[in-house]
Amino acid sequence: MKFLLLLVLLQSTLDVTEAGPLYTQDHMTCYHKVVQSLSGVYNTEMIPYAERVVSIQVAENGHYSATACILDYTYGFYRNYVWVSHGCQANFLVCYIRGRNILLICESEVGQRHLCHTHRPIRYLEFVKRLTDSTNCEEGETFGFHGEYIWVANGCKAAFRITTPIGGDAPNFPFV
């Protein structure tokens, strides 16, 4: 099976909102994010490009719901996610540690599944570009990720941007 793995460490900070971050220093970024618990349902949202969220608070004049938003009761964070529940709806100020962003290409043959090892836990996967006209790449059907692997299936060949923890040296990828 032909296998191509391309690694490019992205040196620039990637904005997570169209307006860009409110605050960026070293590996810390803070920005506003609206998260809503509609009809009282528990809701989580992943923070793109984050290794981990370190703080969250309701932004000034950012509370939208009749229900109170109380830290660790109706809203909070874990890893690279923020969560709301019990009807909390607000514009939050979310601060997080940026992860390492890596661009790679992973491909499979038609009718087969292939794993591309990243050598680091994947926190976020972004589909960048399909690299073949003959096969569609659909998240959850022909590509996805788990742990330290991106999987592709049924002829999907694509470029992906992943976010991994910053600690340690860059992984030593084989170029085939």
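This section describes the strands, nonpolar cores, disulfides and one surface patch of a predicted protein model.

Residues are numbered from 1 along each chain as its sequence is written, and side-chain values use heavy atoms, with hydrogens and water left out.

The protein contains zero helices and 14 strands, where helices (H or I, at least four residues) and strands (E, at least two) are DSSP runs numbered from the N terminus. Read from the N terminus, the order of elements is accordingly β-β-β-β-β-β-β-β-β-β-β-β-β-β. Of the 176 residues, 47% count as buried; buried denotes under 20% relative accessible area, exposed over 50%, and partly exposed the range in between (1.4 Å probe, protein chains only). The accessible surface amounts to about 9400 Å², and 49% of this belongs to carbon and sulfur atoms. Accessible areas come from the Shrake-Rupley method with a 1.4 Å probe, and for residues only the protein chains shown count as cover. Among contacts (heavy atoms within 4.5 Å) between residues at least 6 apart in sequence, 76% join residues at least 24 apart.

In soluble globular proteins, nonpolar side chains tend to be buried together. A nonpolar core is defined here as a set of buried Ala, Val, Leu, Ile, Met, Phe, Trp, Tyr and Cys residues joined through side-chain atoms within 4.5 Å. The largest such core comprises 15 residues, and I47, Y75, V82, F92 and V94 have the most contacts inside it. At least two residues of this core come from each of β3 (28-36), β5 (50-63), β7 (81-84) and β8 (89-98), with β8 giving the most, four residues. When neighbours within four places in sequence are left aside, the contacts of I47 are Y31, V53, N80, V82, V94 and Y96. A second, separate core holds 14 residues, including I102, L104, C106 and C156.

Four disulfides are present in the structure, each identified as a pair of cysteine sulfur atoms within 2.5 Å. A disulfide is a covalent bond between the sulfur atoms of two cysteines. With bonded cysteines counted along the chain, the pairing pattern is 1-4, 2-3, 5-6, 7-8.

The link of C30 and C95 is right-handed, with 115 degrees about the S-S bond. Because C30 lies in strand β3 and C95 in strand β8, the pair ties together parts that are 65 residues apart in sequence. Both ends are shielded from the surface in terms of relative accessibility: C30 counts as buried at 8%, and C95 is buried at 9%.

Another disulfide joins C69 to C88 at an S to S distance of 2.1 Å. The torsion about its S-S bond is about 115 degrees, so the link of C69 and C88 is right-handed. Distant parts of the chain are linked by this pair, with C69 in the loop between β5 and β6 (75-78) and C88, 19 residues apart from it, in the loop between β7 and β8. C69 and C88 are both buried.

A further disulfide is formed by C106 and C116, with an S to S distance of 1.8 Å. This link of C106 and C116 is right-handed, with 95 degrees about the S-S bond. C106 lies in strand β9 (residues 100-107) and C116 in strand β10 (residues 113-117), so the pair ties together parts that are 10 residues apart in sequence. C106 counts as buried at 0% relative accessibility, and C116 is buried with a relative accessible area of 1%.

C106 is also in contact with A158, a residue of strand β14 (residues 157-164). A158 counts as buried, at 0% relative accessibility. Residues up to four places away in sequence being excluded, A158 touches L104, I105, C106, F127, K129, R130, L131 and C137.

On the surface, V41, Y42 and Y78 form a nonpolar patch with about 310 Å² of accessible area together. Patches are made of residues with over 30% relative accessible area and no salt bridge, like charges being joined within 9 Å and nonpolar side chains (Val, Leu, Ile, Met, Phe, Trp, Tyr) within 5 Å; a salt bridge is a side-chain nitrogen of Lys or Arg within 4 Å of a carboxyl oxygen of Asp or Glu. V41 is located in the loop between β3 and β4 (43-46) and is partly exposed, with a relative accessible area of 48%.

Technical notes:
This is a predicted model: local features need pLDDT of at least 70, side-chain atom pairs count only at pLDDT 80 or more; totals for chains, interfaces and linings use all residues.
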